[in-house]
Amino acid sequence: MLTLASKLKREEGVRAGRTPAGSNDASHRVSIRDRLLIKDTCKVTFPDENKLYHIQLAISPDEGYYLGGKFQFEIEVPEAYNMVPPRVKCLTRIWHPNIAETGEICLSLLREHSIDGTGWAPTRTLKDVVWGLNSLFTDLLNFDDPLNIDAAEHHLRDKEDFRNKVQDFIKNYAR
């Protein structure tokens, strides 16, 4: 039987360089997605411990245009979850091609119906949502299919001025 104590003891042994008896490589593999979340760029909190369907997420990107900012998101898990995606809103004002200044977010996995097959599916989890939101600040930053067209066009016109405007928004709204 697997217990928390035995799991902690096994992890401690792995950190110390010992391989626990009966373990194999497959049980110690960590996905790239999980490693991204371990970077301490995301912090999940529950504002009301009696409402576990209401989640707040803080993302502090450690690279790219948004380095130095702290962006707050509100995640509402609907009663029909996981047949429908959670509702997500950015609470921090931001200059971003995939996030409107009003907080709406363009992220394919949050779409209930998607033509390309990358939308919400019952097999997706809240971990996928956190990973996707975190990735909006790095590898999923999409200037070709923007929600905030002004931000995307600004980036195409003048990348350095776009960077300066992002930093102004961080200084004024995301500290």
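How many helices and strands are there in the protein chain? This predicted model contains 5 helices and 4 strands. Colour the protein chain by secondary structure and follow it along the sequence: the pattern reads α-α-β-β-β-β-α-α-α.

**Confidence**

Next, colour by pLDDT. The chain average is 85, and 77% of the residues score at least 70. Select residues 22-28, where pLDDT stays under 50; for this segment the model has 4 contacts beyond four places in sequence.

**Burial and the nonpolar core**

Display the whole chain again. Of its 175 residues, 35% are buried. Among contacts between residues at least 6 apart in sequence, 53% join residues at least 24 apart.

Now select Y66, F73, I105 and L133. Within the largest nonpolar core, which has 34 residues, these four touch the most other members. At least two core residues come from each of β2 (54-59), β3 (71-76), β4 (87-90), α3 (126-135), α4 (149-157) and α5 (159-173). The greatest contribution is that of α5, with 4 residues.

Centre the view on F73 and show its surroundings. Beyond its neighbours within four places in sequence, F73 is in contact with I55, Q56, L57, I59, V88, K89, C90, L91, I99, I105, L133 and F137. Two of these partners, I105 and L133, were selected with F73 in the previous step.

**Helix α4**

Move to α4 and select A151, A152, H154 and H155, the buried residues of this helix. Why do they lie on the same side of α4? They cover an arc of only 160° around the axis, and this places them on one side of the helix. In general, an α-helix has 3.6 residues a turn, so residues three or four places apart point the same way.

At the N-terminal end of α4, select N148, which caps the helix. A side-chain oxygen of N148 lies 3.3 Å from the backbone nitrogen of D150.

**C106**

Finish at C106, which UniProt lists for "active site" in an unreviewed entry. Look for C106 in the loop between β4 and α3. Is C106 buried or exposed? Its relative accessibility is 19%, and because buried means under 20%, C106 counts as buried. Show its contacts as well: leaving out residues up to four places away in sequence, C106 touches N98, R111, L136, D145 and L147.

How values were computed. Residues numbered from 1 in each chain as written. Predicted model: local features only at pLDDT ≥ 70, side-chain atom pairs only at ≥ 80, totals over all residues. Heavy atoms only, no water. pLDDT = per-residue confidence, 0-100. Contact = heavy atoms within 4.5 Å. Core = buried A, V, L, I, M, F, W, Y, C linked by side-chain atoms within 4.5 Å. Buried < 20%, exposed > 50% of the residue type's maximum accessible area, 1.4 Å probe, protein only. Arc of directions from axis to C-beta. Polar contact = N/O pair within 3.5 Å; in protein donor to acceptor, adjacent residues only side chain to side chain. UniProt positions renumbered as here; feature names shortened; annotations may be inferred.
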